[in-house]
Amino acid sequence: MTDPVNPPQTDQNDAPEPATSPLLAAGRLLAERGVYGLIWFGEDLYVTARYGRLADFIEVGDPLLHACLPLIGLESHIHGLKGQPGKVIDLPSVLIASSDNSLPRLNLTVFWYEEGNHFLMLLARSSSHSDLERELSKQMRARLIAETAVAEKSRELARANRELARANQDLEDFAAIISHDLKSPLRALRYATEDMADLLAAGDIKACLHRLEEIGQRTQRMSAMMTALLDYASVGRKAEIAEPVATRRIAEDITRSLAIPDGFTIEIAGRWPEVTTVAAALDLVLRNLVQNAIIHHDLPTGHIKLEAKDGRKSFTISVIDDGPGIDPTHHAAILLPFRTLNPRPGSTGMGLAFVSRTIATLGGRLEIFSEPTTKRGTTFRLVWPKTLDA
Amino acid sequence: MSAHKVMLLGEIGVGKSSLVKRLVFDRFETDYKPTLGVDVYRYEVPPSKTHAAITLIIWDTDGNFGEAMFRHVYMKEASAAFIIGDVTRRPTLDTMLTLSKGFREHFPGRYEALIVNKIDLLDGEPLNLPDALSHNRKRVFHTSAMTGDNVQFAFHEAAAEILRRGL
């Protein structure tokens, strides 16, 4: 067996003694190495005779280098054997690969057969099935399986750490939202009630009523924000049921059910897979992205393309619009709760926050591509897993 | 048609055999059988606009050889080497750097490219390579023997480069 850790260092090992005649040397090698095949070839490296079962892969008349791939490139080294009695080229444990794995693993030994200007190649079956080699193979396999398991555990740990980091980030985000986004309207309420006290003292009932109306609007707004925030916090905590989903059908349903303004077209392209996922989540995400593409468009006409690409463990859907684009400095901020670049009446600024959180909860991710200084349009690309983590 | 020897080097289990089997037989075997010694394959690259047809003799080596491979008779007259790592096992990527350095020292001027294999297992996660590998000036291919991604492309590019350099 070849020791892969300490392989032969040169092509001059196991050399027959120079004083011995070449045929006797060949005979000795035959006996010592358990040779089952012989090939003779002349100076032009064409096969002139062969013997033995192991030489079946090559025919008399073949150029040696046509069938004996391991010798390709060694022509000059083979010719170099001439006149150097005892020198051999040894290629241990070589398998000439075939689609049906029909050829045996061989030890190849080439030396110059002095009488007749011929080279001789000895073919011995490699002892690849020895107990030692089987054990080595077993150990290599076990090592790889162990390393793969460690790598998988590491990836799981990394995933868990990312989830923990996300949960911590959520906590920080909620704290920031409560302290900023809700504190501000609360402060406004306090000022309004203080104003009302002054207005009542001054007897200005009309201004007081106006203030009361403002307070009503602000409390309604805060109530809507609180509802949205609770919904946002519950994303991923509800028992979501995964089911077989034809993703293209979801895209088609969305385009049918949305109010598409005249002048706008929606195209569905690419390869949409059938997957097992939470249909409602995918619907929510796509619906929000398409709606946003329409609402935030700055022209009376526009085109929105929904393009899917299938993958082995995940698939991607790109929502590509030709609107004004989004400055890269805002790409991260627009995914946060209560953030919008174009405030509109009745909007809580939670649409993309829901989208982002829903995708992240299911193990996917959302990428934004837009560079309005050089090109119109925005692409929201969502990477959606084909199966849900347990 | 000229024939040129290409070595596949890398740690055990990085997918050397899977890559060459995908290339030559267009198949992927899920059962792992370690290569003991070397397996030699023939692959013919068809002519293109820029080069003639070429035969690659691909030597798929035993991952246990490590740097000892560079002194082995197997390496004689190699025109090129692919140094392969498994994207999911960091130590195999570190080994790529050692083997790359060894190949440069023992076979200066030969074509060398790095293959980061099993990218299908990333499953959407970002590719996180060791800094030294990211900044290595060698050609780096990201492949999947399982899906076939980039496999043929890598070998065809190597063939074109071997001919261009007259290796």
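Tutor: In helix H1 of chain B, the buried residues are B:Lys16, B:Ser17, B:Leu19, B:Val20, B:Lys21, B:Arg22 and B:Leu23. Buried means under 20% relative accessible area, with exposed over 50% and partly exposed in between (1.4 Å probe, protein chains only). Helices (H or I, at least four residues) and strands (E, at least two) are DSSP runs, numbered from the N terminus. This is a predicted model, in which local features need pLDDT of at least 70 and side-chain atom pairs count only at pLDDT 80 or more, while totals for chains, interfaces and linings use all residues. Residues are numbered from 1 along each chain as its sequence is written, chains are lettered from A and ligands numbered from 1 in the order in which they are written, and side-chain values use heavy atoms, leaving out hydrogens and water.

Helix H1(B) covers residues 16–25, and because 7 of its 10 residues are buried, the rest of the structure largely encloses it. What lies over those buried residues? The cover includes strands S1 (2–10), S2 (38–45), S3 (54–61), S4 (78–86) and S5 (111–117), along with helix H4 (151–165), in chain B. Contact here means heavy atoms within 4.5 Å. After H1(B) comes B:Asp26, with a positive phi near 50°.

For a comparison in chain A, A:Cys68 counts as buried because its relative accessibility is 0%. A:Cys208, at 5% relative accessibility, therefore counts as buried too. A search of the whole structure finds 0 disulfides over all chains, a disulfide being a pair of cysteine sulfur atoms within 2.5 Å.
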